[in-house]
Amino acid sequence: TDNVGVDQYKIYRLDSTKGFVEHATTTDTTFTDTNLSKRTVYYYYYVVAVDAAGNQSLITEVKSVQTKR
C-alpha cells in the first residue's frame, strides 16, 4: 500500500510433512527450481512479493508443476 517497488520475491513450495515452506528468494521475475526429484512428481508453489520496506503482498494463486523423467 505504498509506493516502494518490489525488492524480492519469496518462493514457497509445499513440503509433504511441513506444509508450505519458504524455498527460495529471488530478485528475478522468473525462477528455476533445480532441487527436484528424478521421478515424476507434482510440486506446488506460491509467491509473495516483498518491497524494500519489508511489506509483503498477498500470496499468489498456488500453481502446480509436474516433473518428467
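Author: Happy to! Buried means under 20% relative accessible area, exposed means over 50%, and partly exposed is in between, using a 1.4 Å probe and protein chains only. K10 has a relative accessible area of 16%, so K10 is buried.

This is a predicted model, where local features need pLDDT of at least 70, side-chain atom pairs count only at pLDDT 80 or more, and totals for chains, interfaces and linings use all residues. Residues are numbered from 1 along each chain as its sequence is written, and side-chain values use heavy atoms, leaving out hydrogens and water.

K10 sits in strand β1, residues 6-15 (strands are DSSP runs of E, at least two residues, and are numbered from the N terminus). Setting aside neighbours within four places in sequence, K10 is in contact with E22, A24, T25, Y46, V47, V48, V50 and Q56; contact means heavy atoms within 4.5 Å. K38, by comparison, is 28 residues from K10 in sequence and 24 Å from K10 in space, C-alpha to C-alpha.

Now for I11. With the neighbours within four places in sequence left out, I11 has contacts that include V21, A24, T26, F31 and Y45.

Finally, T26 belongs to strand β2, residues 19-26. T26 is buried because its relative accessible area is 12%. Beyond its neighbours within four places in sequence, T26 is in contact with Q8, Y9 and I11.

Key:
Helices (H or I, at least four residues) and strands (E, at least two) are DSSP runs, numbered from the N terminus.
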